[in-house]
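Hi everyone, thanks for making time.

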2 protein chains.
Amino acid sequence: MGTTPTIRDVARRAGVAPSTVSRTLTGTSYVAPATEERIRRAAAELGYSQGVRRARRPQSVAALARFPSAWFFAEAIAGVERVLRAGGYQVVLHNVGDPAARAALPDERWGLAGLIVVASSFTAAERAELERLEVPVAVVGGDWPGRPRVGIDDRAGAATAVRHLIALGHREIGLLSFDPDDTAGQGVTDARRAGYEAALAEAGLEARPEWVVATGHDAPAGARAVERLLSGPRLPTALFAMSDEMALGALRTLRRAGVDVPGRMSVVGFDDQAVAEYADLTTIAQPAREQGERAAALLLAALAGDAAIPSVDLSTRLVVRGTTGPPHRP
Amino acid sequence: MGTTPTIRDVARRAGVAPSTVSRTLTGTSYVAPATEERIRRAAAELGYSQGVRRARRPQSVAALARFPSAWFFAEAIAGVERVLRAGGYQVVLHNVGDPAARAALPDERWGLAGLIVVASSFTAAERAELERLEVPVAVVGGDWPGRPRVGIDDRAGAATAVRHLIALGHREIGLLSFDPDDTAGQGVTDARRAGYEAALAEAGLEARPEWVVATGHDAPAGARAVERLLSGPRLPTALFAMSDEMALGALRTLRRAGVDVPGRMSVVGFDDQAVAEYADLTTIAQPAREQGERAAALLLAALAGDAAIPSVDLSTRLVVRGTTGPPHRP
């Protein structure tokens, strides 16, 4: 040896072109992880250091996010960004709640190191398209069979909400549901509905179709759902809404219609957004920012080469406030 | 000529290495704009097209964002993302509300095409650091002298809120303020306070220091501010809060303390988040998503070479709901 190794020496030892060595060691473009590993090992073995000292461009991870509510989106994305940034990655935001973004999913040109999926479900064809990137994937509050996921047990959370109403004496419990035909959020919608039905079934109650209203996910949807119930032949005595925003919309319509809460109607939401406390809303709390942080941590583990990353379910909990009480006795 | 030009011909004409031509035309890594321009011109003049047909990696823009509220952050970022994505750019999210992110601002290695600043103010030193990137900058709801900005007239919005209270007959009007020492949001805080003081001055009223309470920006801060006022010698008859979240926190504390709204105390917020409607809160509406979209459009214009991009102020408007009324007459 004796002489200083050159980039050509490293390239020869790693079995790649010199330009690939350069691109890898300066981080100016994406190189397959196995190739990068081989080049770094060759550089280390030869004591080649010139290029290595140049700092690298951070690699990027795409956050494929949907916007189920401003609150969930902001909290989960902030959690994802904080942990990935601390791990040395850039977060590229791609809002797949927009059909145009969904029609243009990331491809090889993006040079991504990984994907993180926020509150979104994908079709098998879409997943196959993304699988072709051959990068680690972690999921927050959505589902992707076989990929590590951080979420909550939506079924258990919904069942807890309905059991709270049953324990107060309610037998006539309606559901304000997300739109079950919205495929992007389907896993969550199905699980919360299953929890609602399971809690009713435990108590020997049935879900009456006329009390299950699926109108959307936001406050206007909650308001519309209650308008529909008010125009029906008979109101239930309690409502479980799949989101705090739907619950807030429901509360407004009930207030305007002169239906006392909780005297005549109890209402439970889901999320425990900051505003739920100020609306005195009984709800199921889920930790949105922590879900983002934990999913980003799973992705970092996968990027570091961990092969078997377990999924994580974080706890939900019932927060009892002023919108639930015993049923009205006529 | 006659023969088909090769990548070496393009490299020779542009005065760069063949690998640089390849990297540029395939978009696989960052190349200085002037070099890229020279290479593209050489390729066009020679009729070289092979590499050009390969699609490029999208260029990226960093969104330097702060999190003044989940609502503003989510809406503005969604607006920024939609427009930049449609324009062919990736959005890299960098949450400068986190001190660690603020200490590690983007540098040349990021290979950015532009910057978009969301709800954040920077020190002169920070701006100088970012100016070294020599890329276009657009600003949403913050300030950066000399750069195009989309925002609202915070001073006018605040003055409108206070004039509404004065028109109802109020003479004793308190202010629930953001923290004026929080440099990241200083421009907004100063402007809203100036609007509050200007509207009082027009009516021959003075801002009484004991009625100006600066506690933060969120609902708990609003609650704390009202607790402080309640422990003082004398309550004003109306409050202007710099955000809906502060107003909601204030309303909860007033409700718990048995202070009737608007009978004994009127409250005006600022933002018109979705939840304001459901809390029946009188407020100043600002279009958060549109601000993000418009700022992204300004950045696209700058990226396309437009030299003089004018700043844009979008309108705010007073939305009167149930939390304001005439003052209590003892």
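Let me start with a question: which residues of the largest nonpolar core touch the most other members? They are A:Leu176, A:Phe240, B:Leu176 and B:Phe240, in a core of 92 residues. Keep in mind that this is a predicted model.

Let's zoom in on B:Leu176. Setting aside its neighbours within four places in sequence, B:Leu176 is in contact with a whole list of residues, including B:Val213, B:Leu229, B:Met242 and B:Ala250. B:Phe240 is on that list too. There's also a second, separate core, this one of 68 residues, and among them are A:Ala119, B:Phe67, B:Tyr89 and B:Leu299. As a general point, nonpolar side chains in soluble globular proteins tend to be buried together.

Okay, now the two chains. How do you get chain A onto chain B? You rotate by 180° with 0.1 Å of shift along the axis, and they superpose with an RMSD of 0.6 Å. That's the relation of a two-fold axis. In chain A, the C-alpha nearest that axis belongs to A:Val92, at 2.0 Å. And the same surface serves both copies, with 100% of the contact residues of chain A recurring in chain B.

Last stop, B:Asn95. You'll find B:Asn95 in strand 2 of chain B, which covers residues 89–95. Is B:Asn95 buried or exposed? It counts as buried, because its relative accessibility is 7%, under the 20% cut-off. Not counting residues up to four places away in sequence, B:Asn95 touches A:Ala78, A:Glu81 and A:Arg85 from chain A, along with B:Ala65, B:Arg66, B:Phe67 and B:Ala101 from chain B. B:Phe67, remember, is part of that second core.

Notes: Residues are numbered from 1 along each chain as its sequence is written. Chains are lettered from A and ligands numbered from 1 in the order in which they are written. This is a predicted model: local features need pLDDT of at least 70, side-chain atom pairs count only at pLDDT 80 or more; totals for chains, interfaces and linings use all residues. Side-chain values use heavy atoms; hydrogens and water are left out. Copies are superposed by least squares on the C-alpha atoms of residues with pLDDT of at least 70 in both. Contact means heavy atoms within 4.5 Å. Helices (H or I, at least four residues) and strands (E, at least two) are DSSP runs, numbered from the N terminus. Buried means under 20% relative accessible area, exposed over 50%, partly exposed in between (1.4 Å probe, protein chains only). A nonpolar core is a set of buried Ala, Val, Leu, Ile, Met, Phe, Trp, Tyr and Cys residues joined through side-chain atoms within 4.5 Å.
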